[in-house]
Amino acid sequence: MSYRKTIQLICGIAGGSVALVCAAAAADSRGYFGEQHGEAATRWSRFSVLRAAQPAWTPANPTPAPTGHAWDFNWDKRDPSVVANGKKKEKKSEDLSSEQDNSKPKATRNILLIRHSQYNLSGNTDKERILTPLGREQAELTGQRLAALGLKYDVLIHSSMSRATETAHIISKHLPGPGVELVRCDLLREGAPIEPVPPVSHWKPEAVQYHEDGARIEAAFRRYIHRANPEQKEDSYEIIVCHANVIRYFVCRALQFPPEGWLRIGLNNGSITWLTIRPSGRVALRTLGDAGFMPPDKLTRT
């Protein structure tokens, strides 16, 4: 049997019969794939390709073992059951049950994170780092896309940096219905949230920058990324216009991924990242850096 056909056979049965996979392993160890047993003992076995693709695979356990920690439903410290259990139980059980029901979130929050458009990289100060002509065009396209979604937006929050502020104002002109409130926030300014893993050679801020920016960006996460308050009756759609580092960190934190992996994510200018937070505390990433509404010649990542 040829090497290619052998690999195709192994890959084809990897998700099927365990017995056949075990038989392939035995055949490989006996050198039936074109090698003598002595050679197989000193060279990387072809069947190890299958084992590498299945991190926790063994003949007795064909299902990869889960990795990482269990989902923390109280990640935003708003789980009503935890809040109720922390109170003094001097009231009757009926009263406690009713209080817990009243404290349960009932609405879903939809948070659309928008990266600012292309800006003047040669500017020495924030006031000089305004949008380029292409950046303004990108903001128009993002605003049109948000309008085309047909959603009722509740608020538009934006970083106080010039490029994010200008992007937000252009987008706001396209939003349907009565004027959507614009809220300016210093916490959402660009920065270095946490030292990335693996490190990169082209960008190495001082440790003090991670210390200062990280606390601020984490504070922004806690302010804006959480389940709905119990008083909120209807689902909400909120827009946050900010920066790539902030958005990437928010996504990792919201999905309970290692936050130091934020720099492994790339985002185009004007792209849309959509997080959904259920009343139960479950979080879903509906889109990540969506820029498919822009023509290819309008895409940038500066």
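## Charges over aromatic rings

In this predicted model, the charged end of Arg163 sits over the ring of Tyr119, 4.2 Å from its centre, where sitting over a ring requires NZ of Lys or CZ of Arg within 6 Å of the ring centre and within 35 degrees of the ring normal. The charged end of Arg286 is likewise placed over the ring of Trp274, at 4.1 Å from the centre of that ring.

## Aromatic pairs

Five aromatic pairs are counted, a pair being rings of Phe, Tyr and Trp (its six-membered ring) with centres within 6.5 Å, called stacked if the planes are under 30 degrees apart, edge-to-face if over 60 and tilted otherwise. The ring centres of Trp75 and Phe221 are 6.2 Å apart and their planes meet at 45°, so this pair is tilted. It links distant parts of the chain, since Trp75 belongs to the loop between helix 4 (48-53) and helix 5 (80-85), whereas Phe221 lies in helix 9 (residues 207-224), 146 residues apart.

Trp75 is buried at 13% relative accessibility and Phe221 is buried at 2%, buried meaning under 20% relative accessible area, exposed over 50% and partly exposed in between (1.4 Å probe, protein chains only). Ring pairs join Trp75, Phe221 and Phe250 into a cluster.

## Overall fold

The protein has 10 helices and six strands, taken as DSSP runs numbered from the N terminus (helices H or I, at least four residues; strands E, at least two). Of its 302 residues, 44% are buried.

## Basis of the values

Residues are numbered from 1 along each chain as its sequence is written. For this predicted model, local features need pLDDT of at least 70 and side-chain atom pairs count only at pLDDT 80 or more, while totals for chains, interfaces and linings use all residues, and side-chain values use heavy atoms, leaving out hydrogens and water.
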